[in-house]
Amino acid sequence: MTSVANSSAPANGPLRTRRQSLWRKPAVVAMMLGSFGIGTTEFVAMGLLPEIANGIGVTEPSAGHTISAYAFGVVVGAPLIAIGAARVARRLLLITLMVAFTVGNVATMLAPTYEALLAARFLAGLPHGAYFGVAALVAAELAGPGMRARAVAQVMLGLSLANVAGVPVATALGQHFGWRSAFALVAAIGVLTVFALQRLVPDVPLPQGSSPLKELAGFRNIQIWLTLLTGIVGFGGMFAIYTYISSTVQEEAGIPRALVPLVLMLYGAGMVIGNLFGGMIADRSLKAGLFGLFVGLSVLLALFTVTAGIPLLAVLNLVLIAIFGTALVPGLQTRLMDVAKDAQTLAATANHSALNIANGVGAMLGGLVIGAGYGYRAPAAVGAVLAALGVVVFAVAVLIERRGVQRYRAQRLSDHSLLR
């Protein structure tokens, strides 16, 4: 395979630009296929808990621990792989991660015991964050300036499409042919992705001097931590309501159980729109776009406490929440790439650890207010507060960044005056 990295043209020359353009669309489709498979395996277990519980011989709450095991694998795997694989070529790393993902899902499909199933779900989760992070870096490199966030959004689009198509299909398959068949489907998607990555994704150059030590240095970068915290707090607002969406639309809006899948499909369609919408906004004005999306999400979540009792308005509000919430992801990913300096892989992969933490935080807080007797509208109020806190954290990050730039400019002026 001819690689971008092996081009004899200058790094920023016209030949390289043309090659980038030729490679970008097929490469993005290949990486999007992987994100589709990852999104399917992440969420399909939620709809198959009764089948998993009966099939493996445990209670449904115990079966729910398989979801936690996967999420824990995501949180642990992303930083460890980013640091350990700092010198591995990104195309090779993507292929290796998808092989590991496929093995994890095959192990899930074949797990003979509950303990083996937990271990398999943890294994399947390990490559999740690293895959998305590295794929985002490759897509941004191929897209070039002015198109990075849109390229990242296109890779992430597979995750949104999984909620619209992959999860419903895998769930139906698992309900009719046994829960193991759902993970067999995911494993097949993984195998197909490995071949697609091998054939369609070019080599892209690693940053000069990449090393585990430089990636580790990212832990000292306050901007990385603040951006991750922005995602954990702000994005947690969406998960506070999404986790309980089925019960909420039935209990508050009076929507029949038979129509709940339609509501979920519309929510998934909102996620698809949000992904593409967010990429365009981030490429136009990253900081202003993130501020606007967080404020909009907070308002929409607060509004849901009013519209939840009116079926049509409730569904429309939920779709808008999906659009604004998902639109944050490409912007946060791009922001991390901007502030990461020499810790590009660590920052890009850690974003998905942060989003999984947001999932857990939002679900936990939403469950607490429901359990306290405040009803199914209360998680939306919690979500509105979380999204507003995301605005605050991001404002702090931008303020610190501006002060740093001002100090740097003042120092440059001082040095220039001394030289004169």
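**Reading the fold**

Reply: Among contacts in the protein between residues at least 6 apart in sequence, 83% join residues at least 24 apart; contact here means heavy atoms within 4.5 Å. This is a predicted model, in which local features need pLDDT of at least 70 and side-chain atom pairs count only at pLDDT 80 or more, while totals for chains, interfaces and linings use all residues. Residues are numbered from 1 along each chain as its sequence is written, and side-chain values use heavy atoms, with hydrogens and water left out.

Me: What does the pLDDT average for the protein?

Reply: The term pLDDT is the predictor's confidence in each residue, from 0 to 100. The protein averages 84, and 89% of the residues score at least 70. Over residues 1-20 the pLDDT is below 50, and this stretch has 30 contacts in the model beyond near neighbours in sequence. Where pLDDT is low, the predicted coordinates should not be read in detail.

Me: How many helices and strands does the secondary structure comprise?

Reply: Helices (H or I, at least four residues) and strands (E, at least two) are DSSP runs, numbered from the N terminus. The protein has 15 helices and zero strands.

Me: How is the packing of α6 and α7 described, and at what angle do their axes cross?

Reply: Axes are lines fitted to C-alpha atoms, for helices over the stretch in contact, and angles run from 0 to 180 degrees between N-to-C directions. Angles under 35 degrees count as roughly parallel, over 145 as roughly antiparallel, 65 to 115 as roughly perpendicular and the rest as oblique. The axes of helix α6 (residues 148-177) and helix α7 (residues 179-200) come within 6 Å and cross at roughly 140°, so α6 and α7 are oblique to each other. On the α6 side the contact is made by Val-169, Ala-170, Leu-173, Gly-174 and Phe-177, and on the α7 side by Trp-179, Ser-181, Ala-182 and Leu-185.

Me: Which orientation do α12 and α13 have to each other?

Reply: Helix α12 (residues 286-307) packs with α13 at an angle of about 155°, their axes being 9 Å apart. The two helices α12 and α13 are therefore roughly antiparallel to each other.

Me: How many aromatic pairs does a search of the whole structure find?

Reply: Rings of Phe, Tyr and Trp (its six-membered ring) pair if their centres lie within 6.5 Å; planes under 30 degrees apart count as stacked, over 60 as edge-to-face and the rest as tilted. The search finds eight aromatic pairs. In one of them, the rings of Phe-235 and Phe-239 have their centres 5.3 Å apart and their planes at 75°, so the pair is edge-to-face.

Me: Why are Phe-235 and Phe-239 separated by about one helical turn?

Reply: The reason is that Phe-235 and Phe-239 are four residues apart in helix α9 (residues 222-242). Phe-239 and Tyr-242 also form an edge-to-face pair, 6.4 Å centre to centre with 70° between the planes. One aromatic cluster is formed by Phe-235, Phe-239, Tyr-242 and Tyr-267.

Me: Is Phe-235 buried or exposed?

Reply: Buried means under 20% relative accessible area, exposed over 50%, and partly exposed in between (1.4 Å probe, protein chains only). Phe-235 is buried, with a relative accessible area of 6%, and Phe-239 counts as buried at 9%. Of the 420 residues of the protein, 53% count as buried.

Me: Which residues is Thr-326 in contact with, leaving aside its neighbours within four places in sequence?

Reply: Thr-326 lies in helix α13 (residues 311-339) and, at 5% relative accessibility, counts as buried. The residues in contact with Thr-326, apart from those neighbours, are Ser-160, Phe-235, Met-238, Met-271, Gly-274 and Asn-275.
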